[in-house]
Amino acid sequence: MFLWLADLAADAGAKDASLTFVNTGIAGGAHPLGYWEIRRYWLESELGQASQRKPRDVRHPLVVAQDLELDGLTDDAVEVVREWEPTTVREKTTRSLMLARIAYGRREFDDAIELGRSLHATTGNPSAALVAARAMIARQTFEASGLHHADLAGAFRLLIQTRDDLRRWGEDTAEVIVAAVTAARLLNNQARALSLTDAEPHGEATPSEAASKALRTLRATMLAENGILDLAKDLLAAGEVERADAALLRALIADAEGDRAAATAQYSEALEATADFEEKGQLAVRLAHYGVLHSFVEEQRLVGNEAWADQLTLIAEAFGGVDGGLDRLKAAAHSSAQYSLTLSQVYEAHGDQELQLQTLQAAAMRLEDADTWLATARLEKKTGLTAEAIHSAQEALRVAPESWGATARTQGLLIELFSIRGDWDQAVRSAKHYVRLLPGDVVAIWTLITCQHHAGELDAALRTWHTLPSRRRPTHRTHVLVWISLYQQFGEAIGTVHDLHNVAAEWAQDEEIRRQIVGLVILPDRTQRTTRGVNSSGGGVLDGAEEPAESAADQTTEGELPSIEETLINEYFRDFPDGAIQRLTLNLEQDDSLLDQLVAAIGTRPDTSELDDQVFRGYFPLGLICDAHGSTLTEAVISHASGVRFASTGSDEERARAQDRVGGGVIVDITALFALSRLPNDLRSSLMGAFSSLVIAAEQFRDAVSAAQAIGRYGHAGPSLGRWRGPVALRSRTGAQTLLDAARIDELLAFIRPLDRASRSTREASSEASAFEDDVWFAAATVAGSSRALWSDDAALNRIAEDFGVATFSTVALLDALLSTGVISANEAALAREVLLVERYLGIPFDDELYDRALNSREDAALDIASVVEHLGGYDANDILSFALRSAGSLTADGPRLEAWISACTRWLVRISPDEAARRENLNLFAAHLTSVHWFLPQTFSFVDAGVQDGLDGLTAEDPLLGAVDRVFSARKRRDERSAALWLFELVAAVDASVRPRYTGLAFRR
C-alpha cells in the first residue's frame, strides 16, 4: 500500500511525500528490497539529503550497478543494468532512468538524450526530462555539431514544460529553472534568462521560486556579469552561498572592478569547487578566454575528450598572447565557423571592433554558416548598422539547417531590428514566425501583440490577445503601455476598471503608465469603441452600449464613496504633483476673470499665425499644421485644417506625368487616399485600376489609426483652428460637420487597411531630405523615391518632392488624364469632381451644373463650396456671379450659411479685381444684384450686410451695400416716400444696433 502511494507521489512530483512512503514501505518489508533502496537513494539525492545508510539487498542488480558506478566501473554497471529483467512497468522506468543517468555521466550524450526523451514521452517523468535536457546542453557545449543545432532550443522547451508540470504538482522547480537559465544563456537570450529568476509581475518566477537560494544565487550571477553587483555582494556578505557559487560571484565582482588576476584565481577556484560536469566545462571555457588553460582541460584530454581540449588550448593560447597562438587561430578560422567566432572575440578583447566585424562578415560569406551570420547581425546591430544587420539575420535564416536551434532567437533579433527602423509591418511578419516557433510562450505572444499595435493593426492585436493563456495582463513595461492602448480601443473586451487600478498599483512609480491610465478615465472613448471587440472564438463583435462612456466626473454624487476612477485620478495627483497632467483650480470669487486665471495657469498659445497663413495659402505643406498644432496628419486632412485643398498646379506637365504613370506602380499619399475614400466604390475602383500596383506609406496608415483613436476620445478630428469670422475656409466647423469625423475615419481605415504598405525605412532618404525624414507628411514621398510616382493632393508637398526627383501628380490631374484616354467617362469624371468640390478642392474649372450639383449633394455643403468660390478665378466671372446669386437664394432659411456665402462671394470679387477701380465697380454691381433679388428682405438683410462687411475685411472705406440700399431707397422714395421710409426702417430694425447708424442716416438725406 505505502509503496503504491510512493509511486503515485512520485508521478505527481511530490518527492518529500514519496520518500516518506518509501521509508515506511521498506520498514514494512518492501520487495524487492534492493529496488526500493535505490529508489530511496535517488530521492534523498534529489532532495539534497546525503544518505549514510548502506543498502542491505547487496545482490539486487540496481544495488550492484550503483556500487560499480561509484567505483568508476561504468561499463560493468551498464552491463548489469541491461541484463536485469524488470517485472513491473515501474521497474522498467527505473531501469531506463538509471541507464540515462549513467550514459550522461559517461558523456554518452546521444544515448542519454534518447533514453531520457523516450522515458519522459511515455511516463512524463520530470527526472528523465532533466537528464535529457542536461545531455542536450552538454552535447552542444562539448560536442557542437551541425547535426545538433536544435539541442539548446529543444532543451529549453523541455525544461520550461517540466517547470510548468512541477508547478502544477506543487513541487520544487529550482533545479529545472537553473538548467533552463543555462540553456537560455547559451542561446544568448539574456533577457529571458533573467526573467526566469525574477518574480512576477516583472519576471516569470513565482514568489517562492524567486526567493529560493539557488535562483537568487543564479540571478546575482547574471546581474554581476552585467556589472550590477549589489545582490552578489549581499549574498557573499550573508554567507548564504556554497563555495563554488561564492567563488564565481567573487570572480565576477573582480572582473567588473578590473582585477583580472583575482578574477582568474576565483574562476579557477569555482571550477575546482563544483562537482557539476557542465559547470566545470563552462568555467574552463571562460578561463580559456582569459588566456588560462586549466588542468581540467588536460584531464578531459586524457579521458578521451581530445577535440574539446584542443579547442580550448587553441583559444587559451590566442587570448593569452602565446607566440604563434593568434596565427594558429587565424589558420583554423579559415575553414571553421566556431574558430571564426572565437577569433572575433579575440579582436573584441583587444578593443578592435572594426577588425572584429570584418572577421565575422568575411567568415559568414565564406563559410555560409548560420551561427556566424547571426553573430555578424548582432555586432552590426550593436554598431548601428541596422540595414546590414537585417541582411545578415535574413542570411542566417536562409542558410540555417532545418533543425537550427537559433531560429527563434534570429526572428527575435529581426523584430528588434525592424522596430528600430520603424518598419512595423515587417516586424509583425517576424513576430508571427516567432510565435509559431515558441507556441504558447506568453512573451512571444505579447511581442506579436506589440508589433501589431505599432503597425496599426489593432483588431489583429485583439485577436492575438485572445490567444493568451487566461488572457493575462503583461509584465513588461512596453507591453503594459500597449495593453493600455488596447484598453482605450476595445474597453471591456480587454479588461475592466479594476484591471486599470491593479496595473496602476503594480507600476505605482511609473508616471507615464499612471498618466496613460488617468487619461483613459478623464477622456473615455466617445464612439463606443470601448465596448467593441472580437469575441473569445476570434470572430464576430461584442454588442456595444448605446450611450457613450461617462467620465469619472459624471459618475459620482455627493455622499458616495470615491469611485475607482476618482481614486486613480486622486492618487496620480498625490504621487506625481509635478506630473505631465496638472490639476487646475479656478477661484470664482477672485477678481481676475476665469480666462485670465486659465492663461496664468497654462500660458498663452504660441503665435503660429505666420506659418498657418503660409499653409492656408498653399505655400507650405499641409503636414506643417500638425507640427504646429499637435494633431495627426489624417485628422488635419479630414477636418480641412488647411482651409481648402491646394491639390493641383493645373499644368499640362502634371497631366502628362499622370498619363505617363498609368499602368505602372504608384505610391499614394494620405491626401489622395482620403479623396478616394469619398468616391463611390465603382469610380474608386476605376481610378485605382489604372495602375499595376498601388502602395501606401506604412507610417501614414499608422497615423490614420492614431487619428481614429484621437477622434474616439475627443469626439472630432483636430486641430481646432476655426475662426468665427473671416475666410469661410478657415471658419470653425459646425457641429453637424464634426459629427461626421468618426464615420469618415472608419471609412478611410476600412478602405486603406487591405492596401499594400511600404515603410520609408526600407529606402534610404537623400541627405537633402533628411530634415523631413521623421515627418509623416513626407513619408509617401520618401517611399516613392525616384523609381515610383507619388499620387498626392498636396501641391506644396508635390513641389518639394519634385525637387528631390519624385514624379508627382494629383487626383485632379489624373481625372483629366483618364478622361482623355477613355478610361473613365465624362459622367464619371464629373461625379468625381463633384465629390472633390465638396472636399474643398481647388483647380476644378467652373461649370454651373457641376458646382450646383456639388452644392446640393448634401445639406451642409454650402460652406465647403463657399470655400472654393472664394478662390475661383475671374475667367467665368459672369457665370460665377449668376451661380452665386442663385445659390444664395437657396440659403435664406439659414442665416449663418447665407452670411458665409455672401462673405465668400465678396472675397472672390475682391480677389479677381485687377485694381481699385475694377474692385469698386465689381462690388457695386454685386451689391446692386443683392438688393434687387426677391429674397432681399428684412429677414435676410442682417446676414447679407454681415457677409459683405466680412468679405470686405476693411479693404475699402466705401460701402457698396450701403450705396445699393441708398439707390433702392431713393427709387422707392420717388414713388412713395412713406412706404420707402417704412421699407428702410424695417431693414434697419433687422440689424444689430452697432450697424444701424450706417443706414438710418439715409432717411434724413434730402
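The following conversation goes through a predicted model of one protein chain.

Visitor: What does the chain hold in the way of helices and strands?
Guide: In this predicted model, the chain has 55 helices and 5 strands.

Visitor: And how many of its residues count as buried?
Guide: The chain has 1006 residues, of which 51% count as buried.

Visitor: What about contacts between residues 24 or more positions apart?
Guide: Taking the contacts in the chain with a separation of 6 or more, 61% are between residues 24 or more positions apart.

Visitor: Let us turn to the strands. In what order do they lie in the sheet?
Guide: The sheet is open, and its 5 strands run in the order β3-β2-β1-β4-β5, with parallel pairing. At the edges are β3 (756-758) and β5 (808-809), each of which pairs on one side only.

Visitor: Does anything pack on that sheet, or rather, which helix does?
Guide: Helix α40, covering residues 698-714, packs on the sheet and touches β1, β2 and β3. The direction of α40 makes about 60° with that of β2.

Visitor: How many bridges join β1 and β2?
Guide: Strand β1 (residues 665-668) and strand β2 (residues 693-697) pair over 4 bridges, in the parallel sense. Within this pair, Val-666 stands opposite Leu-694, and Ile-667 stands opposite Val-695.

Visitor: What holds paired strands together in general?
Guide: Strands of a sheet pair through backbone hydrogen bonds, and the pairing is either parallel or antiparallel.

Visitor: Over how many bridges does β1 pair with β4?
Guide: β1 pairs with strand β4 (residues 789-791) over 3 bridges, again in the parallel sense. The bridge partner of Val-666 in β4 is Ala-789.

Visitor: How do the lining residues divide into nonpolar, polar and charged?
Guide: The lining of the second largest pocket has 11 nonpolar, 15 polar and 6 charged residues.

Visitor: What is Val-482 in contact with?
Guide: Apart from neighbours within four places in sequence, Val-482 is in contact with Trp-446, Ile-449, Thr-450, His-453 and His-454. Trp-446 is 36 residues apart from Val-482 along the chain, and their C-alpha atoms are separated by 9.1 Å.

Visitor: Now Gln-356. Where is that residue placed?
Guide: Gln-356 is in helix α22 (residues 353-367). Gln-356 is buried, with a relative accessible area of 8%. Leaving aside neighbours within four places in sequence, its contacts are Ser-344, Tyr-347, Glu-348 and Leu-379.

Visitor: Last one: why does Ser-118 count as partly exposed?
Guide: Ser-118 counts as partly exposed because its relative accessibility is 37%, which lies between the limits of 20% for buried and 50% for exposed. Ser-118 is in helix α7 (residues 109-123). The C-alpha atoms of Ser-118 and Ser-96 are separated by 9.1 Å.

Note on methods:
Residues numbered from 1 in each chain as written. Predicted model: local features only at pLDDT ≥ 70, side-chain atom pairs only at ≥ 80, totals over all residues. Heavy atoms only, no water. Pairing = 2+ DSSP bridges. Helix = DSSP H or I, 4+ residues; strand = E, 2+ residues; numbered from the N terminus. Contact = heavy atoms within 4.5 Å. Axes fitted to C-alpha atoms, helices over the stretch in contact; angles between N-to-C directions. Nonpolar A, V, L, I, M, F, W, Y, C, P; charged D, E, K, R; others polar. Buried < 20%, exposed > 50% of the residue type's maximum accessible area, 1.4 Å probe, protein only.
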